[in-house]
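These are my notebook entries on one structure. I record what I looked up, entry by entry.

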Amino acid sequence: MYNEAMKTTETTSQPTTEELEERVSSLEEQNAELTAKIKWYEEQFRLSKQRQFGTSSEKTNADQLELPLFNEVEITADPSIEEPTVETITYERKKTKGQRDSKLENLPKEVIKYRLPEEDQVCLCCNGKLHEMSTEVRRELKVIPAEVKVIEHVQHVYACRRCERESTETPIVKASMPKSVFPKSLASPSAMAYIMNQKYVEGLPLYRQEQQFARLGVFLSRQTLANWVLYGANTWLNLIYDRMYQYLMNLDIAHADETTLQVLREPDRPSTATSYLWLYRSGQEGHPIVLFDYQQTRASKHPRKFLSPFQGYLHVDGYAGYNGIPNVKLVGCWAHARRKFDEALKALPKEQQSKDVTAKEGLKFCNQLFAIEREIKDLSFSERHQVRLEKSRPLLDAFSACFACKRQKYYQRVH
């Protein structure tokens, strides 16, 4: 009985061939999955090293966020560059206008003439009278620093002397005078525009503008400057913003993107919270329209609300938050597509980067498209459209056919 029981146990404990094959298949799938994960982590590690230590032409310009380099003058100077000043000796012939002349033709001109005094216009050889035979011209740029003036608006008030003597009421008439841009303040339109331009175009903080005004003899606190900026934006610029928004919504082509930013002292939010600045702009045709929309999140409800009146093509970077906006057809960005091919190539091991991999092939297609765009950037819109049909369209067709074939082969190999 004992021997029979042992035989029975040994027989039942041994797996069948089908079970072994199933286990092997399961282990192979796990091994393939783990191998793919390891490969993915290796690619991400190489890509992160490249981003941290390698060069990148797509990085944000550090000058926008930090102070200028201390040695900016030394590293920027180039003695081989020709100075943009012109020295010309004119006789009876005229010199053809050069490139440096064209750079100065739109600037206001101040002419200073130097003549010999009448008593010095005597020849050193024969004491004969000298005559003017030619002129020598030297041009130089004169920079006028910022100047602050006090403008007094004196409004004259008029009354009738006869009514003052004989009537019980005297009509008062005032001369017309422009209204103040910011009532009960020293702000003028030019001062308010200057402060805004220095803050948002030149990137000069208000505390440095405060010091700059102090050096000019004007003592304005940064709180006062901030008040002027807010009042001007809410009272005057909002009107322009709303009008530009109407124009943008009536177009059939628009661009959209979003970026992170940090807002300090925002009510009910920590200073470390991430906020988003959404950008919407028109295409290259006509006057450019660029609008910003501040939001606390990256939720899709924000572009959906902003673009609710818009109907047409929206050029975006592939972020899913733009999906599903009514009456909008999304258009992909080739710059972002090229970036992904570039990242995929950099993530590969060095021995594979020189091979004919898919990432290199995609990058080649994108470079050919970008080369065509550089050639036609100065053409008109109709001319560019024609060149794109002749040169870019065949490239895109080849691109689509190539990667459709590769995708089909990949699915066949996997399944």
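Which residues does Phe365 touch, not counting residues up to four places away in sequence? I found Leu395, Ala398, Phe399, Cys402 and Phe403 as its partners, where contact means heavy atoms within 4.5 Å.

**Entry 1: basis**

I note that this is a predicted model, in which local features need pLDDT of at least 70 and side-chain atom pairs count only at pLDDT 80 or more, while totals for chains, interfaces and linings use all residues. Residues are numbered from 1 along each chain as its sequence is written, and side-chain values use heavy atoms, with hydrogens and water left out.

**Entry 2: Phe365**

I placed Phe365 in helix α12, residues 358-375. Helices (H or I, at least four residues) and strands (E, at least two) are DSSP runs, numbered from the N terminus. Phe365 is buried because its relative accessible area is 14%; the classes are buried under 20%, exposed over 50% and partly exposed in between, with a 1.4 Å probe and protein chains only. I also looked up a C-alpha pair: Phe365 and Leu396 are 31 residues apart along the chain and separated by 8.1 Å.

**Entry 3: the whole chain**

I counted 13 helices and nine strands in the protein chain. Of its 415 residues, 18% count as buried. The accessible surface comes to about 34200 Å², and carbon and sulfur atoms hold 54% of that surface; the areas come from the Shrake-Rupley method with a 1.4 Å probe, and for residues only the protein chains shown count as cover. Among contacts with a separation of 6 or more, 44% join residues 24 or more positions apart.

**Entry 4: the five-stranded sheet**

In what order do the strands of the open sheet of five strands lie? I read the order as β7-β6-β5-β8-β9, with mixed pairing. At the edges are β7 (290-295) and β9 (328-331), each of which pairs on one side only. Neighbouring strands of this sheet are turned by 30° against each other on average, direction ignored. Two strands pair if DSSP finds at least two bridges between them.

I then took the pairs that involve β5. Strand β5 (residues 253-262) is antiparallel to strand β6 (residues 274-282), over nine bridges. Within this pair, Ala254 has Ser282 as its bridge partner, and Ala256 has Tyr280. With strand β8 (residues 312-315), β5 runs parallel, and three bridges join the two. Here the bridge partner of Ile253 is Tyr313.

**Entry 5: helix α8 over the sheet**

Which strands does helix α8 lie across? I found that α8 (residues 222-249) lies across β5, β6 and β7 and runs at about 110° to β7. Axes are lines fitted to C-alpha atoms, for helices over the stretch in contact, and angles run from 0 to 180 degrees between N-to-C directions. The helix α8 bends by about 50° at Leu237; the bend at a residue is the angle between axes fitted to the seven residues ending there and the seven starting there.

I listed the buried residues of α8 as Leu225, Trp228, Val229, Gly232, Leu248 and Met249. They pack against the helices α6 (189-200), α7 (206-215) and α9 (301-306), and against β5, β6 and β7.

**Entry 6: His302**

I located His302 in helix α9. His302 counts as buried because its relative accessibility is 11%. Leaving out residues up to four places away in sequence, His302 touches Trp278, Tyr280, Gln295 and Thr297.

**Entry 7: Ile172**

Is Ile172 buried or exposed? It counts as exposed because its relative accessibility is 53%. I found Ile172 in strand β4, residues 172-174. With residues up to four places away not counted, Ile172 touches Val157, Tyr158 and Ala159. The C-alpha atoms of Ile172 and Tyr158 are separated by 5.8 Å, at 14 residues apart along the chain.

**Entry 8: cysteines**

I searched for disulfides, defined as pairs of cysteine sulfur atoms within 2.5 Å, and the count came to zero. By relative accessibility, Cys125 counts as exposed at 76%, and Cys163 as partly exposed at 23%.
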